Amino acid sequence: MERITAWLHERNPGLDGPIAPDEDLIEARLIDSMDFLEFIDLLESLSGRTIDLQTITIDDFRTLDRIRERFLKPSEAAKA
Amino acid sequence: MSTPSTTDAPVPGLRSPGAGLVTLDPVHTALLRGLDDLLTGLATRLAAPEVLGPPLLPAEGLTRLDYFRNFPHLGVSAGRFHPEALDGLAAGEPPTDLPLRPSGHLLPSATCYGLLLSLEGADVGADGTRLSASGRCFRNETHYDGLRRLWGFHMREVLYLGTREGAAQHLEQGAEFIADLADRLGLALTRAPADDPFYDRGGSRARLMALDPVKHEFSAPDGTAIASVNRHRNFFGERLDISAGPTGPAHSACVAFGVERWVHAMTLAHGTPEQALHRLRDALP
């Protein structure tokens, strides 16, 4: 998650302090629409998995908690 | 049908001066004015004062709003003839092939841009603010189609700036108004996420918008979008340093109406422009 929060701070230099795990990153535009695909690239490189934009919803990116749960948790197959 | 009033009498010989350009005849003009009066009802309902935006917008300001990154193909730029061309023009040379110099300004492609740029640096307060305006807007299109797709058209907008909750409420009230008015006018509209004409349809903004539509359109049965509700989040507040009291960059939202398209939708629904005008007059308070 450190890479993700570092990326968010880099893109939002005016941001003071830590980002709460339930902060709405989309409504607050901490993930700006022009940077969205770059953010997807970052998630893909961190998770080692391709993200199919047809199968996800915006809520999958809405908070740090949700991003961890959806993209960065080891898959069941990997844990087995 | 009753006899049309003298103000609606046909004017012989009115022709289009070119693709995407029209002179509205008296009946269509009466429709447009009457519809705009009704659409202004949203501003009245929300206590949004009426203002008049600037007729040209600085390209530099639009750049800061990512306008050219999103819609470089739509912008109609204002140019001046190159000084070296002036003697030729004055001597009667045709102007079409003479060189132009950009003025650094564009004709507006949406009414709210001029209002937002005029609010740069403002604090609209914790209670937020609303503005209503109508203006002629211009977009380069690949094709033109009657009143459905014009090079220049009237766009009425009711803009809100303030809190996130206020912006959401503004759009709810706008959508409710659109449904009420469509009902009064006998228009069947469908609401759907908008397919905005981004230049790069596979780009970041287009992809995010597909996942999280910030714009919904209300369309006539033939697919013509005649109104939209638009969430900007705090994009304009941040880019233009517009704050809403102590809560940081203002959130904004607007409700927009393409007035010529309402004329088109009325004619589509009621058969002829004359019948549409009768229906409109029945709906006027």
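In chain B, helix 1 (residues 26-45) packs against helix 9 (residues 259-270) with the two axes 9 Å apart and an angle of about 110° between them. Here axes are lines fitted to C-alpha atoms, for helices over the stretch in contact, and angles run from 0 to 180 degrees between N-to-C directions. That angle makes helix 1 of chain B roughly perpendicular to helix 9 of chain B; the cut-offs are under 35 degrees for roughly parallel, over 145 for roughly antiparallel, 65 to 115 for roughly perpendicular, and oblique for the rest. Helices (H or I, at least four residues) and strands (E, at least two) are DSSP runs, numbered from the N terminus.

A word on the source: this is a predicted model, in which local features need pLDDT of at least 70 and side-chain atom pairs count only at pLDDT 80 or more, while totals for chains, interfaces and linings use all residues. Residues are numbered from 1 along each chain as its sequence is written, and chains are lettered from A and ligands numbered from 1 in the order in which they are written.

Back to the helix pair. Helix 1 of chain B passes helix 9 of chain B in a right-handed crossing (right-handed if the near helix is turned clockwise from the far one by less than a right angle, left-handed if anticlockwise). On the helix 1 side of chain B, the contact is made by B:His28, B:Leu31, B:Leu32, B:Leu35, B:Asp36 and B:Leu39. Helix 9 of chain B brings B:Val259, B:Glu260, B:Trp262, B:Val263 and B:Met266. Residues are in contact if their C-beta atoms, placed from the backbone, lie within 7 Å. Sorted by class, the residues of this contact are 8 nonpolar, 1 polar and 2 charged. For these classes, Ala, Val, Leu, Ile, Met, Phe, Trp, Tyr, Cys and Pro count as nonpolar, Asp, Glu, Lys and Arg as charged, and the others, Gly among them, as polar.

Helix 9 of chain B also meets helix 10 (residues 273-283) of chain B, where the axes come within 8 Å and cross at roughly 100°. These two helices of chain B are therefore roughly perpendicular to each other as well. B:Met266, B:Thr267 and B:His270 from helix 9 of chain B face B:Pro273, B:Gln275, B:Ala276, B:Arg279 and B:Leu280 from helix 10 of chain B in this contact.

Next come the sheets. Chain B holds an open sheet of 6 strands in the order 4-5-9-8-7-6, paired antiparallel; strands pair if DSSP finds at least two bridges between them. Strand 4 (129-138) and strand 6 (190-193) of chain B are the edge strands, each pairing on one side only. On average, neighbouring strands of this sheet are turned by 20° against each other, direction ignored. Strand 7 (residues 215-219) and strand 8 (residues 225-233) of chain B run antiparallel and are joined by 5 bridges, and B:Glu217 has B:Ser228 in strand 8 as its bridge partner.

Helix 1 of chain B lies across strand 4, strand 5 (152-162) and strand 9 (251-258) of chain B, running at about 5° to strand 5. Helix 9 of chain B lies across strand 5, strand 8 and strand 9 of chain B, at about 45° to strand 9.

There is also an open sheet of 3 strands in chain B, with the order 1-3-2 and antiparallel pairing. Its edge strands are strand 1 (57-58) and strand 2 (77-81) of chain B. Strand 2 of chain B is joined to strand 3 (residues 100-106) of chain B by 5 bridges, while strand 1 and strand 3 of chain B pair over 2 bridges. B:His105 in strand 3 is the bridge partner of B:Pro58 and also of B:Ala78. B:Arg80, in turn, has B:Arg101 as its bridge partner.

Chain A has 4 helices and 0 strands, and its C-alpha trace spans about 40 × 25 × 20 Å along its principal axes.

The contact between the chains takes 12 residues from chain B and 11 residues from chain A. Helix 7 (residues 204-211) of chain B supplies the largest share of the chain B side, 5 residues. By class, that side has 3 nonpolar, 2 polar and 7 charged residues.

How values were computed
Contact = placed C-beta atoms within 7 Å.
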